Every structure is written in structure tokens, then in C-alpha cells.
Amino acid sequence: MSEETVADDLEIVSKIPHVLKYMGSKREILDFVTDAIADLQIESEWFCDLFSGTSVVGASLKGKYNIHSNDIQAYSGVLAKTYLSDLKSNIKITDIDVIKAEASILVDEFKLKFPELIFDYTNTGQIDAIITIEKAQQQLIDKDFNIGFHLFAKYYSGTYWNFEQCIWIDSLRCIAERHKDKPLYYAIMSSLISAMSYVSQSTGHYAQYRDISAKNLEDILIYRRRNLWYYFERKFKELSINLNGAATKDYRITTLDYLDCLRVIENGAIIYADPPYQSVHYSRFYHALETLVRYDYPSVCYKGRYREDRHQSPFCKKTTVQEAFKSLFSAVKSKNAHLALSYSDTGMITLKQIKDLAAGVFDNHYSVVVLEKDHMHSKMGRSDEKEQEVTEYIILFKRIDELEY
């Protein structure tokens with residue numbers, strides 16, 4: 001397929017290409033965020049996205065600053081590298097044909113080795129039969145697979161994805177590893193992350209998969225019958241024709257705790273901090289993506305099959321959230337940096353508490369401006385109440401030159 005054909009088939013997007021359905025994503029209010037950062041009116045070479053998540057904020061500013069993208073989750077680093085790399089110059093449209101051929105060989109090898117593992121959703125409409133199929137796949141976690149790259153088939157068959165989808169996930173992950181640390185690796189991984197979200201039967205994240213009932217059977221079967229390759233291929237083509245490095249300055253990607261990151265940033269940098277707002281830990285909702293990237297066959301627990309070593313943020317606990325903010329402010333001050341802090345009126349602590357904590361650390365060395373925007377926040381579910389109205393804050397803490405006070 002030629003690039004011209006793909007260009008006709010796929011819209012060349014004007015904004016950052018969408019990869020992942022993500023709780024707390026700033027994609028829908030990206031202009032609000034970037035305009036707020038511009039309001040700081042700071043001439044700085046470096047911009048640090050401290051809790052980068054999907055990395056869309058740093059990606060949107062890559063032509064203006066050197067970008068330091070940081071998040072303690074490894075999958076975030078993959079997304080950042082995807083956005084900040086020059087994929088358009090390093091990837092050919094025909095690469096997708098090679099990827100499909102190589103992945104298909106791996107899928108066929110897997111099926112040939114385990115011919116007894118057949119789980120057919122095409123013609124089954126009886127709920128008892130479907131439940132039996134699901135449970136049989138879920139029991140594969142106890143199977144001793146004697147083949148490389150089988151993590152998802154073993155851990156997640158019959159949960160968020162079916163067995164067939166898991167084989168494709170494992171096979172594409174294997175192909176990605178052949179290109180580790182090259183632009184093609186990041187294009188494959190980001191396309192796979194995207195495809196996984198569109199074929200998963202869960203509610204847009206991986207906190208827990210849905211048990212089948214008469215009420216949700218038909219909906220779950222829609223996702224069970226989806227072809228992962230279709231979504232992978234389309235996203236791969238979209239990324240390869242839309243992401244270029246023409247405007248990219250220098251960049252750095254780290255997967256550090258926020259305080260460790262603040263020790264290594266440049267003095268006078270602009271920091272954008274978007275810490276978790278509520279008690280839910282992001283590692284619970286995106287643990288499967290962390291496992292995809294690390295591919296380390298971890299110990300897992302509970303129905304959701306969470307990593308036992310998943311990260312727990314101090315911003316998500318009432319007993320530690322205030323100290324976490326004080327530590328954040330102290331580290332910013334020690335670097336003579338400037339801070340744009342995102343939060344909302346539904347957060348763990350109030351706007352007043354944040355301002356009081358900041359005042360205790362910054363004294364009169366920083367000016368403070370609060371910007372507000374009403375926003376419908378996605379709850380990432382398939383319930384009737386899918387969105388929640390919130391007031392989004394961006395609090396600007398600008399370092400005042402000593403000559404000014």
C-alpha cells in the first residue's frame with residue numbers, strides 16, 4: 001500500500017494523535033493547559049511534564065521547549081518516546097506488511113503447539129456456553145506454556161481479552177522486541193496499546209474485567225469478536241503519517257518518582273504537575289499496560305490480576321497527600337523552577353489547602369494565579385453516569401526574581 005493510498009484512507013490529524021483512553025487525560029482541555037503555561041511568560045529552555053501519563057501535554061509543546069517527560073509508569077515512557085520521535089522519517093508504510101507477516105507466523109506457531117486451545121465465539125449465543133468458554137480461558141493462568149512470549153495468553157485469556165486476542169498481543173510484543181530502542185519499537189508498542197483498549201471487554205481501563213450476565217452478554221460478545229489486528233494496523237498507519245520530528249527540540253524521558261525527577265531537572269525549568277486527584281491509584285487501572293511494556297511475568301493478585309508490585313502514589317492517600325504536596329513545592333523551590341499545577345474541585349484536598357501549603361513553602365518568593373475551567377470528566381465506565389462535571393484548576397506558581405521583592 002502506498003503512502004498516497006494511506007493518506008486518502010486516513011485523515012491527517014491536526015492535533016496530537018490519540019493513543020489511549022486514559023483517566024484524567026488532559027486531551028480535551030489541552031488548549032486550557034498550554035495557554036496557562038504560556039501565561040507564566042517565562043523564557044526557559046526546558047519544560048518538565050512531571051506526571052506525564054499519556055504524554056500529550058509535553059508532545060504539544062515539543063516545538064517550543066526542550067521536553068523532559070517523566071512518569072513512574074513505564075508505559076508512559078513508551079508513549080512519550082512515540083510522540084517525541086520522528087516516526088514519519090523513520091517508518092515506511094510497507095513496514096506494516098512485514099509486521100503482519102512476522103506476527104502471523106508467531107500466531108500460527110502458537111496455535112500449532114497448542115491445538116487443543118480453541119475458544120470459538122463466532123456462533124455461540126447461549127450464555128451458559130459462553131461462560132464455560134470464558135472460565136476455561138481464565139484457567140490458563142495455571143497452564144505451563146513451554147513457548148516464548150506467552151504472558152498475555154497465560155495471564156489474561158478470558159479476562160480483559162480472549163485467547164485469540166492475547167496470542168496476537170504476545171506475538172506483536174515479540175515483534176516489537178526485535179526493534180527495541182528504535183522508532184519502530186515505539187510505533188508498534190503504542191499501536192498495540194491502542195488496539196488493546198479497543199478490543200478489551202472492560203470499561204476503558206483494566207481495573208476489573210466484566211463477568212458475563214444476561215444483561216451484558218451481547219455487549220461483551222462485540223468486544224470478544226473484534227479483530228485486534230484491524231485496530232493495530234489503523235493506529236500504526238495514523239502514527240506513521242502524522243508524527244514527525246521537524247519541530248522537536250531536545251528531549252529526555254525518565255520513569256522516576258516525582259521527587260527523584262525534580263532532583264535532576266534543570267534550574268529555572270517550567271514544571272507541569274498533574275498528580276492524581278483522588279484515592280484511586282492509576283497503577284490499578286493500567287497495570288496490564290505496565291506488564292505489556294515490562295513483559296516480566298510478574299506475580300499477580302485478585303480478580304483483576306494486578307501486579308503485586310504496582311506503584312502506590314502518596315497523592316492518593318489522605319494520610320500522605322499534604323506531605324506529598326509540601327515535598328513537591330520544596331523541590332520546585334530548590335530548583336528555582338516555575339510550576340503549573342493541575343487539580344480539581346473533586347480532589348483529595350481543597351484549593352485553599354493547596355494554596356496554604358504552597359504559601360508555607362514558597363513564602364513571598366512566588367506569585368500565585370489560579371485559572372479555572374468547567375469540564376466534563378470521563379468516568380471511564382459503561383454505566384448510565386459516564387461523565388462528572390468538575391471545575392478544573394491550574395495554579396501558576398511563578399518564581400519572582402530577587403530584585404523584585
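Author: We begin with a term: helices (H or I, at least four residues) and strands (E, at least two) are DSSP runs, numbered from the N terminus. Glu389, for instance, lies in strand 9 (residues 387-399). The model is predicted, so local features need pLDDT of at least 70 and side-chain atom pairs pLDDT 80 or more, while totals for chains, interfaces and linings use all residues. Residues are numbered from 1 along each chain as its sequence is written, and side-chain values use heavy atoms, with hydrogens and water left out.

Reader: Is Glu389 buried or exposed?

Author: Buried means under 20% relative accessible area, exposed over 50%, and partly exposed in between (1.4 Å probe, protein chains only). Glu389 counts as exposed because its relative accessibility is 58%.

Reader: How many residues of strand 2 are buried?

Author: In a regular strand the side chains alternate between the two faces of the sheet. In strand 2 (residues 66-70), 5 of the 5 residues are buried, so the rest of the structure largely encloses this strand. Asn66, His68 and Asn70 are buried on one side, and Ile67 and Ser69 on the other.

Reader: Which strands pair with strand 2?

Author: Two strands pair if DSSP finds at least two bridges between them. Strand 1 (residues 46-49) pairs with strand 2 in the parallel sense over 4 bridges, and Trp46 has Asn66 as its bridge partner. Strand 3 (residues 251-254) also runs parallel to strand 2, joined by 4 bridges; here Ser69 stands opposite Ile253.

Reader: Which parts of the chain does the salt bridge between Arg294 and Asp309 link?

Author: The closest N and O atoms of Arg294 and Asp309 are 3.3 Å apart. This pair links distant parts of the chain: Arg294 is in helix 15, and Asp309 is in the loop between strand 6 (306-307) and helix 16 (321-334). Salt bridges that share partners join Glu290, Arg294, Asp296, Arg307 and Asp309 into one network.

Terms used: Salt bridge = Lys/Arg side-chain N within 4 Å of Asp/Glu carboxyl O.
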